[in-house]
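User: Hi! Could you walk me through this model? I'd like to ask a few quick things as we go.

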Amino acid sequence: MFPCVLVYNYGEIMEINTIGLTAAITAFLSIWIGHVAVRKIEAASPVIWIPTVASILLGLVTEYCSLLTNNLHLKTAFGIIGVTLLWDALEFTRQQKRIIKGHAPANPNNPRHARILANSNFHATTHDLLKREPSGKRFTHN
Amino acid sequence: MNIFGILIGILTLLIIGFGFPLVIRGERIFGYVCWPYMMGIGISIIGASLFIQNNWLCVIIAVIGATFVWGSTELKEQAVRAELGWFPFNADKVKIPFAEIIEKWKAPHL
């Protein structure tokens with residue numbers, strides 16, 4: 001799967017260790033995909049307990065796969081993906097809190113978000129306030 | 001069965017957690033234009049991990065590198081969060097080399 005790469009180092013042949021590279025790529029991609037997936041699924045799902053439970057189960061299965069495999073690269077990748085999925089389960093609730101605070105755009109077509117938008121105690125909005133370029137100045141509504 | 005993968009997963013979560021103050025402080029002090037520096041540091045750390053023979057240390061160092069790379073993609077959004085008042089805003093940022101050039105580039109955002 002990963003070719004053994006050798007480099008010449010001060011007269012000695014040393015092996016390149018790609019296990020860290022596997023971990024770095026897995027961490028980056030799983031966080032990226034998880035980040036986007038949580039936002040999209042939370043915006044579309046009428047209830048958050050289903051994606052939360054699904055994410056927990058997937059995370060646990062992935063961690064079990066990490067235990068079963070003897071391939072060190074797969075073991076590492078599954079370990080990181082599993083923990084990311086378990087964290088994503090928590091992120092569904094955190095994302096809903098962002099919607100309530102208006103820090104993430106609410107989806108008016110989602111009945112759960114529509115209820116949040118209708119509640120005057122919340123600051124929910126359909127606008128994505130983060131979708132702008134930094135100006136270097138404090139943002140004002142004027 | 002050994003728990004190397006599970007422990008690495010937990011360690012990754014903890015290391016990524018340290019990425020949040022890195023992004024918040026980095027943006028507050030230098031502004032989002034420090035993103036190429038943060039990305040360069042991250043890629044260099046991942047590159048350095050290739051030469052570490054101990055698997056634990058190799059993975060920990062590489063994940064620290066990945067945290068820097070991920071952090072570099074979060075800086076632009078963090079700058080907007082600070083401008084919106086969701087985080088403390090610092091108008092008097094430390095000027096970093098080549099800031100004028102970097103400002104013309106499109107900052108990465110995932």
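Here is the chat that followed.

User: Before we start, what should I know about the numbering and the model itself?
Analyst: This is a predicted model, so local features need pLDDT of at least 70, side-chain atom pairs count only at pLDDT 80 or more, and totals for chains, interfaces and linings use all residues. Residues are numbered from 1 along each chain as its sequence is written, chains are lettered from A and ligands numbered from 1 in the order in which they are written, and side-chain values use heavy atoms, with hydrogens and water left out.

User: Great. What is the secondary structure of chain B?
Analyst: Chain B comes to 4 helices and 0 strands, in the pattern α-α-α-α along the sequence. Helices (H or I, at least four residues) and strands (E, at least two) are DSSP runs, numbered from the N terminus. The C-alpha trace of chain B spans about 50 × 30 × 20 Å along its principal axes.

User: And what about chain A?
Analyst: Chain A has 4 helices and 2 strands, and from the N terminus on they run β-β-α-α-α-α.

User: How much of each chain is buried?
Analyst: Buried residues make up 50% of the 110 residues in chain B and 39% of the 142 residues in chain A. Buried means under 20% relative accessible area, exposed over 50%, and partly exposed in between, with a 1.4 Å probe and protein chains only.

User: Let's go inside. Which residues have the most contacts in the largest nonpolar core?
Analyst: That core has 15 residues, and B:Y32, B:V33, B:W35, B:L75 and B:I96 have the most contacts inside it. Helix 1 (4-30), helix 2 (35-49), helix 3 (55-83) and helix 4 of chain B each supply at least two of its residues. Another core lies apart from it, with 11 residues, among them A:A27, B:F4, B:I52 and B:V59. A nonpolar core is a set of buried Ala, Val, Leu, Ile, Met, Phe, Trp, Tyr and Cys residues joined through side-chain atoms within 4.5 Å.

User: What does B:W35 touch, leaving out its sequence neighbours?
Analyst: Beyond four places in sequence, B:W35 is in contact with B:S72, B:L75, B:I102, B:W105, B:K106, B:A107 and B:P108.

User: Switching topic: how do the two chains meet?
Analyst: The contact takes 40 residues from chain A and 40 residues from chain B. Together the chains bury about 3,700 Å², 74% of it on carbon and sulfur atoms. On the chain A side, A:N17, A:L130 and A:P134 lose the most area to chain B, together 17% of what that side buries. Buried area is the accessible area (1.4 Å probe) that two parts lose on being put together, summed over both.

User: Last one: what is phi of B:F98?
Analyst: Phi of B:F98 is near 65 degrees, a positive value in a residue other than glycine. Most residues other than glycine have a negative phi. B:F98 is in the loop between helix 3 and helix 4 of chain B, and at 56% relative accessibility B:F98 counts as exposed.

Definitions and conventions
Contact = heavy atoms within 4.5 Å.
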